[in-house]
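Here are my notes on the two-chain model you passed along.

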Amino acid sequence: MKFSYFPGCTLKNKAKDLDRYAIRSAEALGISLEEIENWQCCGGVFTTARDEIATKLSSVRILKAAKDKEQDLITVCSACHNVVKQTNNAMQNDAEFSSKVNRYMASEGGYDGSTTVYHYLEMLRDIVGFDALREKVVKPLSGKKIAAYYGCLLLRPGSVMKMDDPENPTIMEDMIRAMGAEPVIYGNRNECCGGYVVMESPELAKKKSGDVIRNAKAQGADMIITACPLCKYNLMKNGADVPVVYFTELLAEALGVKEDTNE
Amino acid sequence: MNKKYLREDIIRMSGVNPKKCMRCGKCSGTCPAYDEMEYHPHQFVSMVESGDIEPLLESDSLYRCLTCFACVERCPRGVEPAKLIEAVRLTAIRRQGANRLTPNDIPAMLDDEIPQQALVSAFRKYTK
Ligand code: SF4
Ligand code: SF4
């Protein structure tokens, strides 16, 4: 099965593992991710202002590229997913916004909001299925206690993201179980790490990320997984004394495709 | 800017109706940036509603919001305070010379691990 794939800027740079293991694991699951050509950065954070048009065009073009190939779109970075999905929602539901966007894009053909966007986790749950995933696991992660860190961008706003219950999500825990490990449930799993405000206020990021780490550890976690490069950075920078790992890396390990003989 | 026009502009940009707010304070109670803010999410809602917007435009609170959407998710009235904060913040940085962050500020903020995502997000939020 083939999908359009948007990796985003960070996955080509500081978060290469998130990208590489996503592609490799998908292959092991019979899914081919075709990277969109000439994509541009999504901007990292969705601007909710309805009169911000130009800054959202890169996301619209990503959505349109998938549509032109008649493929559904897969993202893996939490931030990219949030921006692309919220932009798609605005194209579907805000007529004034979408008409302005389409005037900008008149020369390249318009876009109508019809692309289906999946986060990689949703692909695992809704297309592969966690039962099928379990059967493909060759190295079960037995005995590991893993804390899924959702942060804010994957789940919220729930009415737009529609991935899972924004206050009591299960998708990553179900993935952890399918890989043979034990999920750790903790209160701060869907609270913010401090995000980009780390650029201005490292103290705020320190406090917020510190709370996440302490809370996960108090519930017995010996590893934290995330889909977001900035969450990973903030947690590692602020005293994580358990490994903080991209969920795709762990998935590749469980599927037995982590070591690459070509590199 | 004319006070009434400013209020209408922010309401139009954000798509928020501050009149729906019942002043329960849940948005501020759940806000992870609360301790660092001079004006809290519920105050953004009530001050935009009353047209008292100038103090918000001048406040660093604009740059402490993490865009985590917790207040949006948890407001029992669907007010979506973060969208108002965003509209006020854009109104502030769209003024001439009001960019909060310039490329010259970046080198001092870098370390070997910082992801590109942090830089592009900060530029999107702090610069027009
Ligand atoms: S979106 Fe901003 S104002 Fe709302 S809870 Fe998060 S940090 Fe606070
Ligand atoms: S949570 Fe909603 S209703 Fe309550 S104070 Fe905040 S904006 Fe108003």
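The points below go from the interface to the aromatic pairs and then to the salt bridges.

1. Ground rules. This is a predicted model, so local features need pLDDT of at least 70 and side-chain atom pairs count only at pLDDT 80 or more, while totals for chains, interfaces and linings use all residues. Residues are numbered from 1 along each chain as its sequence is written, chains are lettered from A and ligands numbered from 1 in the order in which they are written, and side-chain values use heavy atoms, with hydrogens and water left out.

2. The interface. On the chain B side, 42 residues are in contact with 47 residues of chain A, contact being heavy atoms within 4.5 Å. The two chains bury about 3900 Å² between them, 56% of it on carbon and sulfur atoms. Buried area here is the accessible area (1.4 Å probe) that two parts lose on being put together, summed over both.

3. Between chain B and chain A, 23 residue pairs are in polar contact, both residues at pLDDT 80 or more. (A polar contact is a pair of N or O atoms within 3.5 Å; within protein, one must be able to donate a hydrogen and the other to accept it, and residues adjacent in sequence count only if both atoms are side-chain atoms.) Which elements of chain B give two or more residues to the side that touches chain A? They are α1 (3-14), α5 (70-74), α6 (81-93) and α7 (116-126) of chain B, where helices (H or I, at least four residues) and strands (E, at least two) are DSSP runs, numbered from the N terminus. The most comes from α7(B), with 10 residues. By type, this side of chain B divides into 21 nonpolar, 6 polar and 15 charged residues.

4. B:Ser121. This one is worth a click: B:Ser121 lies in helix α7 of chain B, and at 2% relative accessibility it counts as buried. (Buried means under 20% relative accessible area, exposed over 50%, partly exposed in between, with a 1.4 Å probe and protein chains only.) Leaving out residues up to four places away in sequence, B:Ser121 touches A:Gly43, A:Gly44, A:Val45 and A:Tyr196.

5. Aromatic pairs. There are 5 of them over all chains; rings of Phe, Tyr and Trp (its six-membered ring) pair if their centres lie within 6.5 Å, and planes under 30 degrees apart count as stacked, over 60 as edge-to-face and the rest as tilted. A:Tyr120 and A:Phe247 have ring centres 5.8 Å apart and planes at 65°, so this pair is edge-to-face. It links distant parts of the chain, with A:Tyr120 in helix α5 (residues 120-128) of chain A and A:Phe247 in helix α11 (residues 247-254) of chain A, 127 residues apart. Both A:Tyr120 and A:Phe247 are buried. B:Tyr63 and B:Tyr126 are also edge-to-face, at 5.8 Å centre to centre and 70° between the planes. Ring pairs link A:Tyr196, B:Tyr63 and B:Tyr126 into a cluster.

6. Helix α11 of chain A. Here 7 of the 8 residues are buried, so α11(A) is largely enclosed by the rest of the structure. Among the buried ones is A:Glu249. After the helix comes A:Gly256, with a positive phi near 75°.

7. Salt bridges. The rule asks for a side-chain nitrogen of Lys or Arg within 4 Å of a carboxyl oxygen of Asp or Glu. A:Asp51 and B:Arg94 meet this way at 3.0 Å, N to O.

8. Bridges within chain A. A:Asp211 and A:Arg214 form one (3.0 Å, N to O); being 3 residues apart in helix α9 of chain A, they are separated by about one helical turn. A:Arg214 is exposed, with a relative accessible area of 54%. Another joins A:Lys217 and A:Asp241 (2.9 Å, N to O).

Notes:
Nonpolar A, V, L, I, M, F, W, Y, C, P; charged D, E, K, R; others polar.
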